[in-house]
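Visitor: Hi, I have a new model open here. Can we go through it together?
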Amino acid sequence: MNILVTGGAGYIGSHTVVALLEAGQSVIIADNLSNSKRETVEKIMDITNKEVTFYEIDVTDVEAVDIIFRNHKFEGVVHFAGLKAVGESVEKPLEYYYTNIVSTIVLAKACQKYSVNRFVFSSSATVYGDNKVPFVETMGLLPTTNPYGETKAMSERILTDIAKANPALSISILRYFNPVGAHESGLIGEAPTGIPNNLMPYCTQVAKGKLKKLRVFGNDYPTVDGTGVRDYIHVMDLAEGHVAALENLTEGVHIYNLGTGKGTSVLELVKAFEEANDIEVPYEIVNRRPGDIALCYADASKAKKELGWTAKRDLIAMCRDAWRFEKNYNKQLV
Ligand code: NAD
Ligand code: UFG
């Protein structure tokens with residue numbers, strides 16, 4: 001299949017492009033590089049020894065998107081491009097609603113115009129709000145605490161309505177839990193700019209000595225040790241979930257959790273990181289972070305049953321691969 005991957009130079013997108021190429025698909029990437037680097041596309045080609053076509057465009061730009069659809073006959077679109085920083089979305093709601101909603105509409109319209117019927121969308125476990133764990137796909141969407149989460153819920157509704165109106169469409173909505181880690185080669189991974197918001201990149205930078213101490217946001221949650229519990233999933237498992245979703249896509253709209261089904265607390269993750277890499281991660285307990293929930297993990301049985309997909313890599317592999325990339329990436333920068 002010829003697949004358009006928007007946001008394919010980004011963290012999850014780049015790993016998914018590797019998995020798609022390794023599964024024998026052809027890939028065209030569209031990315032405006034607002035949160036990624038062109039070198040990542042080179043790295044993808046180094047890892048896979050395969051060619052990728054790259055377009056530096058903004059996917060909210062109707063004419064630029066139209067040119068790509070005119071140039072290539074696609075069998076499917078995987079839409080990752082968008083803004084994803086929860087805190088920033090509270091400061092800049094307009095940018096978030098515009099980029100995340102308009103991009104989905106522009107791509108859906110191009111698919112309609114050029115009769116491309118397969119669409120895979122990056123959603124998030126954040127749409128479950130503070131439902132009771134484990135989160136199951138049949139649960140109602142709860143209001144999220146930030147505009148970023150609302151853009152995901154709204155995009156899901158738009159895609160669901162489009163699929164209802166056009167029975168030829170096959171849409172897969174993938175709700176990611178907490179992607180971490182990096183490709184086993186250490187060539188691509190998560191490289192946030194500035195101080196990381198997320199736990200794993202914060203840990204790697206503390207281990208590296210770039211940051212002094214991890215701040216653990218609260219130890220008074222009703223969890224195993226009082227710290228927040230999440231369903232961490234290796235980014236290559238997540239990437240392979242997209243290949244399974246595309247290969248098993250049938251008409252209608254299908255929603256899948258992509259998680260491991262297992263919850264890990266902040267302190268458990270820190271301990272696993274220290275053990276996996278034989279390195280210390282100093283930390284201190286501070287106040288809860290506003291907007292955080294206590295527990296978030298998936299019921300991952302639907303993806304297993306319908307897509308034949310389950311996450312294979314354990315927490316140790318996630319920590320080892322995240323650390324390998326951090327060491328490698330910083331070396332490249334020196
Ligand atoms: P990322 O920022 O690394 O990747 C997004 C890519 O999209 C970047 O390469 C960026 O340059 C590009 N992009 C942004 N706006 C664009 C635009 N208007 N036109 C073209 N390209 C644009 O983020 P990621 O972590 O790889 O996330 C990918 C998707 O998965 C996003 O939709 C995100 O909301 C979703 N998601 C991520 C997480 C997570 O924890 N990382 C969790 C749930 C859902
Ligand atoms: N945490 C810390 N210290 C830090 C960073 C995080 O203690 O410096 C804690 C958080 O309080 C939370 C856990 O580590 O308990 C995970 O936090 P992350 O920021 O890594 O991830 P979140 O679960 O908050 O959010 C992530 C993505 C969202 C996505 C969500 C889906 O950032 O975009 O997963 O579950 F919506």
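Visitor: At what angle do the axes of helix α5 and α6 cross?
Guide: Keep in mind that this is a predicted model. The axes of α5, residues 93-113, and α6 cross at roughly 20° and come within 9 Å.

Visitor: Are they roughly parallel or roughly antiparallel to each other?
Guide: Roughly parallel, because angles under 35 degrees count that way, and α5 and α6 therefore qualify.

Visitor: And is the crossing left-handed or right-handed?
Guide: The crossing of α5 and α6 is right-handed.

Visitor: Okay, switching to ligand 1. Which residues come nearest?
Guide: There are 26 residues around ligand 1, and those that come nearest are Ile 12, Asp 31, Asn 35, Ser 36 and Tyr 148.

Visitor: What does Tyr 148 do there, in terms of polar atoms?
Guide: One of the polar side-chain atoms of Tyr 148 is 2.7 Å from an oxygen atom of ligand 1. Asp 58 also places a polar side-chain atom 2.9 Å from a nitrogen atom of the ligand. With Gly 10 the backbone takes part: a polar backbone atom there is 3.2 Å from an oxygen atom of ligand 1.

Visitor: How much of the ligand's accessible area does the protein cover?
Guide: On its own, ligand 1 has 820 Å² of accessible area, and the protein covers 94% of that.

Visitor: Which elements supply at least two residues of the shell?
Guide: α1 (11-22), β5 (118-124) and α6 (147-165) each do. β5 gives the most, with 3 residues.

How values were computed
Residues are numbered from 1 along each chain as its sequence is written. Chains are lettered from A and ligands numbered from 1 in the order in which they are written. This is a predicted model: local features need pLDDT of at least 70, side-chain atom pairs count only at pLDDT 80 or more; totals for chains, interfaces and linings use all residues. Side-chain values use heavy atoms; hydrogens and water are left out. A residue is near a molecule or strand if one of its heavy atoms lies within 4 Å of it. A polar contact is a pair of N or O atoms within 3.5 Å; within protein, one must be able to donate a hydrogen and the other to accept it, and residues adjacent in sequence count only if both atoms are side-chain atoms. Accessible areas come from the Shrake-Rupley method with a 1.4 Å probe; for residues, only the protein chains shown count as cover. Helices (H or I, at least four residues) and strands (E, at least two) are DSSP runs, numbered from the N terminus. Axes are lines fitted to C-alpha atoms, for helices over the stretch in contact, and angles run from 0 to 180 degrees between N-to-C directions. Angles under 35 degrees count as roughly parallel, over 145 as roughly antiparallel, 65 to 115 as roughly perpendicular and the rest as oblique. A crossing is left-handed if the near helix is turned anticlockwise from the far one by less than a right angle, and right-handed if clockwise.
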